[in-house]
Amino acid sequence: MTDARSRIDELAKPKPLPAGFIEDKRSVYWESKIVKKDPKAPTEFVLSPRCEQLCNPKPYHASFTQDRPSPMWSVSNGAKKATASDTVQNLAKPKSIHREWTAGAPVQTKVKPSALKTNASDRLVQLS
């Protein structure tokens, strides 16, 4: 009993504070080295070169031209007159429902009365 009590007492003690702990630190992102010149002025952030690079928009591909008048393009007459293959027509058919499906059927299955009256074997009871 005393071992359990001393273990509980040990676990109940608060963690010791780390050496650099600041009591009134507002956030984990707060920089204690930044001192505002004017308390009403917004904080000035200094970006690293990598952050500045990430702020820039992604450059266009070298072969990209911006002289396209519209994102829409005309469809050739050959494409308009094309016929679909048998495979494409077969894939375009809607999926049929299961042949045993009936509308309004309950989701739960009904257990047959004979199955409800059966007794489990000794081996099945042992395994359970």
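Student: What does the protein chain average in pLDDT, and what is pLDDT?
Tutor: The protein chain has an average pLDDT of 82, and 84% of the residues score at least 70. The term pLDDT stands for the predictor's confidence in each residue, on a scale from 0 to 100. This is a predicted model, in which local features need pLDDT of at least 70 and side-chain atom pairs count only at pLDDT 80 or more, while totals for chains, interfaces and linings use all residues. Residues are numbered from 1 along each chain as its sequence is written, and side-chain values use heavy atoms, with hydrogens and water left out.

Student: Which helix has the lowest confidence, and which the highest?
Tutor: Confidence is lowest in helix H1 (residues 2-12), with a mean of 84, and highest in helix H4 (residues 86-91), at 94. Where pLDDT is low, the predicted coordinates should not be read in detail.

Student: How many helices and strands are there in the protein chain?
Tutor: The protein chain has 6 helices and 0 strands. Helices (H or I, at least four residues) and strands (E, at least two) are DSSP runs, numbered from the N terminus.

Student: What percentage of the residues count as buried?
Tutor: Of the 128 residues in the protein chain, 0% count as buried. Buried means under 20% relative accessible area, exposed means over 50%, and partly exposed lies in between, with a 1.4 Å probe and protein chains only.

Student: A new topic: how many disulfides does the count come to?
Tutor: The count is 0 disulfides, a disulfide being a pair of cysteine sulfur atoms within 2.5 Å. Cysteine 51 is in no disulfide, and the nearest cysteine sulfur, that of cysteine 55, is 6.7 Å away.

Student: Is each one buried or exposed?
Tutor: Cysteine 51 is partly exposed, at 33% relative accessibility. Cysteine 55 is exposed, with a relative accessible area of 56%.

Student: Which residues form an aromatic pair?
Tutor: The count comes to 1 aromatic pair. Tyrosine 60 and phenylalanine 64 form this pair, which is stacked, at 5.0 Å centre to centre with 20° between the planes. Rings of Phe, Tyr and Trp (its six-membered ring) pair if their centres lie within 6.5 Å; planes under 30 degrees apart count as stacked, over 60 as edge-to-face and the rest as tilted. Tyrosine 60 is exposed at 60% relative accessibility, whereas phenylalanine 64 is partly exposed at 35%.

Student: And what forms a salt bridge with lysine 13?
Tutor: Glutamate 10 does, and the closest N and O atoms are 3.7 Å apart. A salt bridge is a side-chain nitrogen of Lys or Arg within 4 Å of a carboxyl oxygen of Asp or Glu. Lysine 13 is exposed, with a relative accessible area of 56%, and glutamate 10 is partly exposed, at 47%.
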